[in-house]
Amino acid sequence: MKQWNIYFRIWHWAHAFVVLALIATVILRKTFLSYKSNSEIIVSKLSSLNIEISVEQGKIIAKAIRAPMWEWHIIFGYALVSLLLVRLVLLFTHSGRQNLINLKSFTLHKKLVSVGYIGLYLVLGFMAVSGLVLTYQQDLGLLKETAHTIKEVHEALFNLIWVFVIAHIAGLVVAEHRDENGIVSGMINGGKQ
């Protein structure tokens, strides 16, 4: 079994937390805090209290309710950018270099897993950069159409993150029960030498 150094383990769990937190904010935005459904509830409930507001006013209120949650998405986005930069630094440590040097000796399965991780980092890198661009679109002077296109790609790539998270967890379960017993505990305690 591979031995994981403390820096990589801390990075791994911080990264997992940040990615899951980003996913949670998106899920909340699309479900419980959806401005479309919540605006209808707001208009309906206020109407039952004999307070009439327009659908547009309901949307403004609903968006204001979810705004603090969306601020957390941006904060976690900054954390993702920081963690990706740290991962680049970790790549140049001894264990990071060993992964690249030993790539030729990997089985086909391990090579595919490595390529999957590289793909994940590329997607996360794009997500981080595009998130920053969207956050600072006015300061950057982006056209509305350009920002909209970037946002659509940003949201579409989110689905790849879902696929990776599910594949990662499924892969861990399979590996734990096949040929890599202790892989999960190794990411907690460092693994055996």
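A crossing of two helices is called left-handed if the near helix is turned anticlockwise from the far one by less than a right angle, and right-handed if it is turned clockwise. In this predicted model, H1 passes H7 in a left-handed crossing, and the crossing of H1 and H3 is likewise left-handed, whereas H2 and H3 cross in a right-handed sense. The briefing below takes these helix pairs in turn and then describes a pocket.

**H1 against H7**

- Helix H1 spans residues 6–30 and helix H7 spans residues 144–177; the two pack at an angle of about 125°, with their axes 11 Å apart, and that angle makes H1 oblique to H7.
- On the H1 side the contact is made by His12, Val19, Leu20, Ile23, Val26, Ile27 and Arg29, which meet Lys151, Glu155, Phe158, Ile161, Trp162, Val165 and His168 of H7.
- Sorted by class, the residues of this contact between H1 and H7 comprise nine nonpolar, two polar and three charged.

**H1 against H3**

- The axes of H1 and H3 come within 9 Å and cross at roughly 150°, an angle that makes H1 roughly antiparallel to H3, since values over 145 degrees are counted in that way.
- The contact of H1 with H3 is made up of 20 nonpolar, four polar and three charged residues.

**H2 against H3**

- Helix H2 (residues 35–48) and helix H3 (residues 55–91) have axes that come within 8 Å and cross at roughly 120°, and the two helices are therefore oblique to each other.
- From H2, the residues Tyr35, Asn38, Ser39, Ile42 and Val43 meet a set in H3 that consists of Val55, Gly58, Lys59, Ile61, Ala62, Lys63, Ile65 and Arg66.
- The contact of H2 with H3 divides by class into seven nonpolar, three polar and three charged residues.

**The second largest pocket**

- The second largest pocket has a volume of about 870 Å³ and a lining of 30 residues, among which Trp70, His73, Gly131, Leu134 and His154 lie nearest its centre.
- At least two lining residues of this pocket are supplied by each of H1, H3, helix H5 (108–135) and H7, and the largest share, ten residues, comes from H3.
- In terms of class, the lining of the second largest pocket holds 18 nonpolar, six polar and six charged residues.

Note on methods:
Residues numbered from 1 in each chain as written. Predicted model: local features only at pLDDT ≥ 70, side-chain atom pairs only at ≥ 80, totals over all residues. Heavy atoms only, no water. Axes fitted to C-alpha atoms, helices over the stretch in contact; angles between N-to-C directions. Helix = DSSP H or I, 4+ residues; strand = E, 2+ residues; numbered from the N terminus. Parallel < 35°, antiparallel > 145°, perpendicular 65-115°, else oblique. Contact = heavy atoms within 4.5 Å. Nonpolar A, V, L, I, M, F, W, Y, C, P; charged D, E, K, R; others polar. 1 Å grid on protein atoms, 1.4 Å probe; cavity = no way out; pocket = protein on both sides within 12 Å on 5 of 7 lines; lining within 4 Å. Points joined across faces, edges and corners; volume = space filled by probe spheres on them.
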